[in-house]
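Hi everyone, thanks for coming along.

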Amino acid sequence: IRTSGAGLVCMQETYGSGPRISDALGTLFYYRSSNLSVHSKYPIVETYDLYQPFRFGGVRVKMGRQLVDVFSLWIHYLPSISKLYPKESVEKILLEENKTRGTEIKEILASLKEVSINGEEVPLIIGGDFNSPSHLDWGEDMKTFHHDYIIEWPVSKSMADSGFTDSFRKMAPVPRYSRGNTWSPRFHESLQQRIDYLYFKGALRCVNSYVKGYTDSEWPSDHAAIIGEYRFGIE
């Protein structure tokens with residue numbers, strides 16, 4: 001984390017280690033739960049305890065005169081798609097997906113409507129473990145990598161429908177050439193896929209985004225990390 005140069009860090013599945021990581025980094029710290037935290041080099045001027053503590057929460061930070069909202073997210077790990085085989089219909093897959101993650105993301109997005117400042121829109125970043133692939137990666141051009149499935153995954157679709165942009169796919173728009181897998185560097189028998197994201201919305205421009213740690217045998221997690229670099233303003 002330190003060598004990445006990140007000024008804002010969203011963490012999930014910390015199992016209570018968030019405060020120790022913050023102490024080591026020397027960052028300001030928002031402890032949402034044993035699962036979620038946000039670390040910031042910038043002043044935290046407000047915190048948001050939205051939705052469920054284990055799944056969602058964030059901060060408003062001040063960068064000079066600019067305010068930015070940053071949220072850490074973790075949604076349900078079931079149904080597991082790490083070993084998805086071509087034996088279920090797309091309809092059945094989507095039905096099961098909507099029972100957990102598909103429903104949770106809609107409730108989380110609804111909770112964000114509580115966040116405002118004098119009616120003005122503040123740039124917003126959501127980073128986390130979504131435990132679900134992206135519809136941007138499961139189109140016609142990628143079906144040979146996905147047991148011939150073409151799936152409009154509801155979590156990523158809900159994010160897009162709510163005006164959020166997928167940072168990694170913004171910078172690498174052709175999935176065949178840039179897979180961006182984050183699951184899992186450690187479990188190669190599983191279906192390798194992209195389930196961790198940085199989404200942004202508002203007056204921000206993503207100028208760089210990449211996966212860090214996927215091929216690093218010493219990476220300290222079962223997920224790789226997503227790095228994003230942004231500039232204020234609209235393209």
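Here's one to start with: which residues in helix 2 meet which residues in helix 3? Keep in mind as you look that this is a predicted model. On the helix 2 side we have Glu 97, Asn 98 and Lys 99, and they meet Arg 101, Gly 102 and Thr 103 of helix 3.

Helix 2 covers residues 90-99, and its axis comes within 3 Å of the axis of helix 3, with a crossing angle of roughly 45 degrees. An angle of that kind is neither roughly parallel nor roughly perpendicular, so helix 2 is oblique to helix 3.

Six strands form an open sheet in the order 4-5-6-7-9-8, and the pairing is mixed. At the edges sit strand 4 (44-48) and strand 8 (165-166), each pairing on one side only. Further in, strand 5, residues 56-63, runs antiparallel to strand 6, and eight bridges join the two. As an example, Gly 57 has Ser 72 of strand 6 as its bridge partner.

Finally, the largest nonpolar core. It has 19 residues, and Phe 71, Leu 112, Ile 126 and Phe 130 have the most contacts inside it. Strands 6, 7 and 9 and helices 3 and 4 each supply at least two of its residues, and helix 3 gives the largest share, with three. Take Phe 71: beyond its sequence neighbours within four places, its contacts include Cys 10, Tyr 48, Phe 56, Leu 112 and Ile 126.

That's my tour, so over to you.

Methods
Residues numbered from 1 in each chain as written. Predicted model: local features only at pLDDT ≥ 70, side-chain atom pairs only at ≥ 80, totals over all residues. Heavy atoms only, no water. Core = buried A, V, L, I, M, F, W, Y, C linked by side-chain atoms within 4.5 Å. Buried < 20%, exposed > 50% of the residue type's maximum accessible area, 1.4 Å probe, protein only. Helix = DSSP H or I, 4+ residues; strand = E, 2+ residues; numbered from the N terminus. Contact = heavy atoms within 4.5 Å. Pairing = 2+ DSSP bridges. Axes fitted to C-alpha atoms, helices over the stretch in contact; angles between N-to-C directions. Parallel < 35°, antiparallel > 145°, perpendicular 65-115°, else oblique.
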